[in-house]
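Hello,

Here is the structure I promised to hand over. My notes follow below it.

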Amino acid sequence: MNENENEIRQTFYVVNQNDNVATALGDVAPGEAKLIGAVTGLIEATESIGYGHKIALKDIAKGDFIVKYNANVAKATKDIKKGGYVHIHNAASLNDVRSATYDVDTAVPNDRVYVLD
């Protein structure tokens with residue numbers, strides 16, 4: 001992997017200055033990462049965050065809105081610390097009601113019965 005690929009791996013894009021999450025531009029390992037876009041600087045990722053997934057830019061309390069694109073896109077179902085991974089295990093979508101009910105371990109919809117023959 002060249003230096004440029006490594007830089008992208010440890011980079012998050014902030015869409016709007018009012019957002020409280022940013023999107024990973026590559027697979028991010030725990031540690032220092034770069035913020036680009038509407039907010040620039042550095043953030044400490046506290047856990048692995050996959051490409052296209054979100055990191056908390058500040059502490060987000062249970063019940064607070066997840067803000068992306070300067071819009072409320074989800075609600076925190078647990079407290080999320082700055083630098084933490086934001087996904088279905090700690091946030092419920094406001095736009096895709098069905099995904100807000102997915103099993104947090106498997107991401108399988110809870111509203112469907114599966115029968116194995």
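Y13 counts as partly exposed because its relative accessibility is 37%, where partly exposed lies between buried (under 20% relative accessible area) and exposed (over 50%), with a 1.4 Å probe and protein chains only. This is a predicted model, in which local features need pLDDT of at least 70 and side-chain atom pairs count only at pLDDT 80 or more, while totals for chains, interfaces and linings use all residues. Residues are numbered from 1 along each chain as its sequence is written, and side-chain values use heavy atoms, with hydrogens and water left out.

Y13 sits in strand β1, residues 11-14 (strands are DSSP runs of E, at least two residues, numbered from the N terminus). Not counting residues up to four places away in sequence, Y13 touches A22, T23, L25, I36 and G37; contact means heavy atoms within 4.5 Å. From Y13 to K34 the C-alpha distance is 8.6 Å, although they are 21 residues apart in sequence.

One of the residues touched by Y13 is L25, which belongs to the loop between β2 (21-24) and β3 (31-37). L25 has 30% relative accessibility and therefore counts as partly exposed.

Strand β1 also holds T11. Is T11 buried or exposed? T11 counts as buried, because its relative accessibility is 3%. Leaving aside neighbours within four places in sequence, T11 is in contact with T23, A24, L25, G26, V28, K34 and I36.

Regards

Note on methods: Helices (H or I, at least four residues) and strands (E, at least two) are DSSP runs, numbered from the N terminus.
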